[in-house]
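Biologist: Before we look at any feature, I would like to know how to read it. Please give me the general idea each time, then the case at hand.

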Amino acid sequence: MNMLTNKVAIVTGAGAGIGKATSQLYEQEGAIVYALDIKGLEWVADYSAKAGKIIPVEMNICDFNAVKTMVMNIKKEHGHIDVLANIAGLISYEYMSMIDFDKLRTMFEVNVIALINLMQLVSRIMTRQQSGSIINMASMVGVKGAKGQLSYSATKGAVVAATRSAAKELAENHIRVNAIAPGMVGSERFKAVLAEKFAQKINDIPFGRLAEPEEVAQLCLFLAADSSSYITGQIIGVDGGVVL
Amino acid sequence: MTNLEKLNNIFCEMFSVNVEELQADFDREHVANWDSVHQVGLSSTIEDEFDIMLDPEDIIALTSYEGAKSVLAKYDIEL
C-alpha cells in the first residue's frame, strides 16, 4: 500500500541530491509532488511515474511573489497541501576569518528566510485542513557546530530553532513540524568535488561511509506519512553514528 | 451576491452581529470579542471567499470593518 496516496507535497531543492530522491520517493508512494528548484529539473522529463505524479516548478524560492502565487495555484488545483519538504539549501566551507558576508547573507536568504516564508504560507493552508507535515532540512553541524563551517552551521542552527518554534505554534492545528539533521551526504557534487578533501572526516564516521541521498529521503517519507502521526518538534539525525 | 454582501456575511457570522451594526466604528477597540483568534479566522474566511492570499501585513491590518474593505481594495476586489 502506498504511504502518500492522494497527498499533495511540495519539495524544494528537487534538482539533485536529497530533494530529487525525496521527490521520487514521494511519487513512488502515490503523492502528487511539486518539485521546486532554480535549475536542474530536467530529470523529471525522463522520469517514469509509478504511483503519483511529479510536476517540475523552476523557480527561485527567494522570490516571495512567485512562491505565494505557486502556493495559491496548488491550493486552487487540489484544495489541500499535505506535505512541505524544505530541502533547498546552500552550503559553504570557510574558516571564520574568511567568511564572505555577501555569501553569508545569500545563504540565510535561501536556507532560513525562504524556508520560513514557505512554512508561513503553507501552514495557513494546513491550518484550514487541520492537518499537514512540514519537514525542514537541518544538518548535524547545525546542532553540534563545525570547524570551518560557521556560516553554514549558523543557518542550520536557525533551521533547528525555527522548526521547534513552528512545531509549538502549529501543534494545536495538528500540523507536525520536524527537521532532519544529516551528517555527510554523498551527493553527486560532493562525490565529484569534495570527497577527497574530506577523506579523513569520512574515516571518522562510525559507519565508514557517506550517507546516500536516498537514505535521507526515507526519513523524509516517514515524516511525511501518517506513520509518524504523533511525532513533532524533533530534530532527527541521519549520520551513520557520528553523534555517538 | 455582491462582494460587499459577501464581506458583510463574513463579519456577521464571525461576530454574530446584524448587518446594521457594521459601521465605521466596528473595530477591535469597540467589539468585545475581537481577539487574535477571530482575526486569524477572519483572514482565512476572507481568503477563501475572495480566492486571494493575504500578505502578513494585511492580516495585521484586519482590525476593523473599514480596514477589511481597504485590504480587499488592495487586491482589486471592488465592493
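Modeller: Start with strand pairing: two strands pair if DSSP finds at least two bridges between them. This is a predicted model. In chain A, strand E4 (residues 83-86) and E5(A) pair in the parallel sense over 4 bridges.

Biologist: Which strand does E5(A) join by 6 bridges?

Modeller: That partner is strand E6 (residues 175-182) of chain A, and E5(A) and E6(A) run parallel. Here Ile135(A) faces Asn178(A) in E6(A).

Biologist: What unit do E4(A), helix H4 and E5(A) make?

Modeller: A crossover is right-handed if, with the strands pointing away from the viewer, the path from the first strand over the helix to the second runs clockwise. E4(A), helix H4 (residues 101-129) and E5(A) of chain A make a right-handed β-α-β unit.

Biologist: How should I read the two faces of a strand?

Modeller: In a regular strand the side chains alternate between the two faces of the sheet. In E5(A), one side carries Gly132(A), Ile134(A) and Asn136(A), the other Ser133(A), Ile135(A) and Met137(A).

Biologist: Let us turn to chain B. How many helices and strands does chain B have?

Modeller: Chain B has 4 helices and 0 strands, and its elements run α-α-α-α from the N terminus on. The radius of gyration of chain B is 11 Å, close to the 12 Å that the globule rule gives for 79 residues, so the chain is as compact as a globular protein of that length. Its C-alpha atoms fill a box of roughly 30 × 25 × 20 Å along the principal axes. Of the 79 residues in chain B, 43% are buried.

Biologist: How many residues does each chain bring to the contact between A and B?

Modeller: Chain A brings 10 residues and chain B 11 residues. The area buried between the chains is about 890 Å², with 48% given by carbon and sulfur atoms.

Biologist: Which residues of chain A lose the most area to chain B?

Modeller: They are Lys68(A), Arg124(A) and Arg128(A), together 58% of what that side buries.

Notes:
Residues are numbered from 1 along each chain as its sequence is written. Chains are lettered from A and ligands numbered from 1 in the order in which they are written. This is a predicted model: local features need pLDDT of at least 70, side-chain atom pairs count only at pLDDT 80 or more; totals for chains, interfaces and linings use all residues. Side-chain values use heavy atoms; hydrogens and water are left out. Buried means under 20% relative accessible area, exposed over 50%, partly exposed in between (1.4 Å probe, protein chains only). Helices (H or I, at least four residues) and strands (E, at least two) are DSSP runs, numbered from the N terminus. The radius of gyration is taken over C-alpha atoms; the globule rule is 2.2 Å times the number of residues to the power 0.38. Contact means heavy atoms within 4.5 Å. Buried area is the accessible area (1.4 Å probe) that two parts lose on being put together, summed over both.
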